[in-house]
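User: I am new to this structure and would be grateful for a close look at its side-chain contacts. Please give one connected account.

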Amino acid sequence: MIAILQRHADEPRLDTRAFDLLCLTMACVLGVHASHLPWWLGVALALVLMVRWWQRRRHGARSPLLLKLPLLALLGTAVVVTYGTIFGQAPGSALAVGLLVLKLLESETSRDAKVGVSFACFGLMAALLFDQGLLATLVVALGLLPALATLRALEPAQAPSNLPQALVPGLALLAAAVPLALLAFALVPRLSSPLWGAANRNEARTGLSDSMSPGNFTELLTDDRPAMRVSFDGAPPPPRQRYFRAYVMGAFDGFTWHYAEVASPAPVAVEASQAIHYQITLEPSHRYVLLSLDVPLDVPPGAHMRRDRVIMADKPVDELTSYSLSSALRYRLQPSLDMRHQRWLQLPSGFNPRALAQGQTWRQHYRDDREAIVRAALALFHDGGFRYTLAPAPLGRDSVDDFLFGTREGFCEHYASAFTVLMRAAGIPARVVTGYQGGFWNRMGNYLLVRQSDAHAWSEVWLDGLGWVRVDPTAAVRPERVSLGATAAAGDQLDWMQSGWLEGLRNRWDVVNHWWTEGVIGFDALRQRGLLTPFGISDTGTAMLGMLLALGTALFVAIGVGWALWRRERPEPLRQALRRLEAKLARAGITRRRSEGPQHYLRRAARALPSQRGELERLMDRYLELRYAHDEPVPELLREFQRAVREFRPRRVVK
Amino acid sequence: MRDALRRLQQLAERRLPALTRFRRPEPMPIELHRRRIYIVPTGFGIGFSVLLLVMLVGSLNYSNNAALLLTCILGAAGASSMLIAFRALDGLALASVRAGQAIAGESLALTLEFESARPRSAIRVDLGTACQAFAVDASGKADVTLPLATTTRGWQPLPRLRVWTTWPLGLFRAWSWMHPAQSVLVWPRPEGGGPPPRLPADEGLRPRLHRGEDLAALRDYRSGDPRKHIAWKASARLGQLLSKDFEQPESRPEWRLDWRELEGMDNEARIARLARWLGEAHVQGRRHSLWLPGQPIEVGSGPGHYARCMSALASLP
């Protein structure tokens, strides 16, 4: 550090404007990273930034080495203590942002500022690794403005401007760069497989998981981010049929339901009588499972169907994924149970004795009338004083007993879990299915937006002759859950979200988001290869892309060079007026020769048009006076001359 | 290393004038146009493109399209700044050069007058080791003053000027050479010390005082003094007639500096001595004339006269 300071001691120091802009740049980087930095680190770095800004502005002094080195050590220690390592996306970006802010402490010359700005650009880009939504990208792109303005401010001798004015040229430059940037974006060949480690491996997983215990949806049900978007060929199914299945869970350990791997490759039989075709765009979930509307009939490429008709992709959904599927809306799923149906009746021993007793009571009462048992259970939920809430009381060891006979409040997980246990106790094969239910039909975009908060769990029971039948016990308690959604059903919270214009605004915004995720974020190697399909080229290879990129760039370079070379010719009114007169005379057959002076020419014209001799001589005198009597033509005389030229009509010579 | 590069550059310019666009002196105004503006990336520009490349590979690897879009925009903006750098110089004209006055060995203030149809920022001119930045405002004119090192008296042709800019982002450096066909006159350096000029022979005979307007003293009345010169009040007080004595302080005798009086010295020594005398005469405010072979200069004084004499001296063969 000392060596660097000494080497560049002779460089001119940064002026105040450049340093202010540099601080603003760093503040932008800190701002876009703030959401995923530990709050105390963000606050500490912001403080360092402000103190440094104030100190240099007030005292114009360098910061002492004694301060810089401990701060550097402190930053390293903080990152290691917080994350356990300095490698990886989150600790790496925390360290980078910290180093950038500390770089301000020793930024004194324009060289320091240039290095700082370059790495600030990198820091801005790194923020997009955490969130590449439309809004985040726009904010980050605006963060480039102070960076560009800093670079501009480093140039000597410019017209004075205030701080906002200093940002404007950067905006113009970015705007001018957009067409070329879009071209490059569309044509830079995408990698079909990453060069090194895939991103987001260690990121906390959100969304549905392959196990379910009462209460673990709570976070999900208040998460408003989109989970997927579905567009249908033809009319969308009615809301009551919008059940998107993810996992089919059969294994219960008394508290948690698990999705058990079913090794058998052949999916169970389904007799479908009404099918629907649709496309799903799934947000990254970092899991293998692909959602499907109810019972899927086929499998998209790059995925396979398990025994329970659960579709699993071959690799985790780490990026936006689109696929097409067909599903059955009316069906008989697995009309005949095989030998292993016992696993749909399995219950752990020693748990939930009261629920087991209840189930056995129903069994004795209704004998083999399974539908009656189902009705009895739903009646229990409907009339038993159960309450739907997103914030239920916690449950103990015998979770189903506690829920059924104690708290009596909960949401879909509680109901599905308790209902399935009751059914199994009554001897009916039953299982829990998780997925999403409902969604919002976006009329503008003609697609169904399913949010994380639409996560749902329901039950399936196996009935003779019908196969697996979906039973949604939550609907028995709160039918609005199925028709309106979880938050609406919870009633007390967030109901302003549903009201009028705000909801409309949100849905319009989602159309934009949808367009962004589809068009920009989802533009992958596969889509790129199909880029030229409308022009009859079904597979655009890398060489083709490179050639197009070179051609397009050359075109833009030509436009740019044309702009750069273009010099505005200031049209001279006097010359224009004379040209006009020449044109009129030329139509009358008197053309001005090359190298013929105006005086000679007009004299010749006057001779050729004797009837207008006086007029032409007056014009000539006026022209000569305007041209040669003054440095600049007198405006009034010029206007007069222009009018005279306008009114002049050459009359043909009668020969 | 740097010296070796400079030697290589000089060699290349001598041997390959067409390739290196070694500019012959040309009359003013010199207007820059596309065929004489060159652009190369700066060191910072190269570093920045490496960074962009890293960003590109990173965003491609993580198939992060938002980051890729950001990288593309930044790269396109950087590339566009090349055109802005070009436009900063294109159409800029050097209208004239005004030279100041300097004696050999001192630096001469050279004022370059630039003209432009539109405002420009952050343009720099290099003259030898001196560098000066300037901007052209809406008036379309800008004056830049640069020091020009001088060594010997006489006409000194102007060296090549480099006009360059890294506007707007410092990623590209656009430059052009201007070689105005103009020379500046460098005055001779006066000698360090020596004899004063020989005064005209009648110097000692001249009366110390001569009649003037200012009252100098009172003296005894001598017959023949004009009546209006008598100091009546003072005479009344003293009881004898006193006369007012008027005088004008004698200016220092004028110097007639002559080339021919310095026989037996070589040309440069003569010039140096004359230059010293001219300088002394100018400082003392003494009227002087100068005779040089072929160009006699009449008696005079003041800065204009001094400059005329020095220029005449400087342009001696």
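This is a predicted model: local features need pLDDT of at least 70, side-chain atom pairs count only at pLDDT 80 or more; totals for chains, interfaces and linings use all residues.

Over which ring does the charged end of A:Arg397 sit, and how far from its centre?

Analyst: The charged end of A:Arg397 lies over the ring of A:Phe351, at 4.1 Å from the ring centre. Chain A has a mean pLDDT of 83, with 91% of its residues at 70 or more. Within chain A, confidence is lowest in helix H1 (residues 2–7), where the mean is 41, and highest in helix H2 (residues 16–33), where the mean is 93. Residues 199–204 of chain A stay under 50, and the model gives this stretch eight contacts beyond four places in sequence. The pLDDT is also below 50 over residues 491–498 of chain A, a stretch with nine contacts beyond near neighbours in sequence.

Contacts between rings come next. The structure holds 19 aromatic pairs over all chains. One of them joins A:Phe381 and A:Tyr415 edge-to-face, with 5.5 Å from centre to centre and 80° between the planes. Because A:Phe381 is in helix H11 (residues 370–383) of chain A and A:Tyr415 in helix H13 (residues 412–425) of chain A, this pair ties together parts 34 residues apart in sequence. A:Phe381 counts as buried because its relative accessibility is 0%, and A:Tyr415 is likewise buried at 0%. A:Tyr415 also pairs with A:Phe403: the ring centres are 5.1 Å apart and the planes lie at 85°, so this pair is edge-to-face. A:Phe403 lies in helix H12 (residues 399–407) of chain A and A:Tyr415 in helix H13, so the pair connects parts 12 residues apart in sequence. Both A:Phe403 and A:Tyr415 are buried. Ring pairs gather A:Phe381, A:Phe386, A:Phe403, A:Tyr415 and A:Phe419 into a cluster.

A:Glu596 and A:Arg604 form another salt bridge, with their closest N and O atoms 2.9 Å apart. A:Glu596 is buried at 7% relative accessibility, and A:Arg604 is buried at 17%.

The salt bridge of A:Arg613 with A:Glu617 has its closest N and O atoms 3.6 Å apart. Because these two residues are four residues apart in helix H22 (residues 613–628) of chain A, about one helical turn separates them. A:Arg613 counts as partly exposed at 39% relative accessibility, and A:Glu617 is partly exposed at 31%.

The cysteines complete the account. The structure holds zero disulfides over all chains. For A:Cys23, the closest cysteine sulfur is that of A:Cys28, which at 11 Å is too far for a bond. A:Cys121 is in no disulfide either, the nearest cysteine sulfur being that of A:Cys28, 11 Å away. A:Cys23 is buried, with a relative accessible area of 4%, and A:Cys121 is buried at 2% relative accessibility.

Note on methods: Residues are numbered from 1 along each chain as its sequence is written. Chains are lettered from A and ligands numbered from 1 in the order in which they are written. Side-chain values use heavy atoms; hydrogens and water are left out. pLDDT is the predictor's confidence in each residue, from 0 to 100. Contact means heavy atoms within 4.5 Å. A salt bridge is a side-chain nitrogen of Lys or Arg within 4 Å of a carboxyl oxygen of Asp or Glu. Buried means under 20% relative accessible area, exposed over 50%, partly exposed in between (1.4 Å probe, protein chains only). A disulfide is a pair of cysteine sulfur atoms within 2.5 Å. Rings of Phe, Tyr and Trp (its six-membered ring) pair if their centres lie within 6.5 Å; planes under 30 degrees apart count as stacked, over 60 as edge-to-face and the rest as tilted. A charge sits over a ring if NZ of Lys or CZ of Arg is within 6 Å of the ring centre and within 35 degrees of the ring normal.
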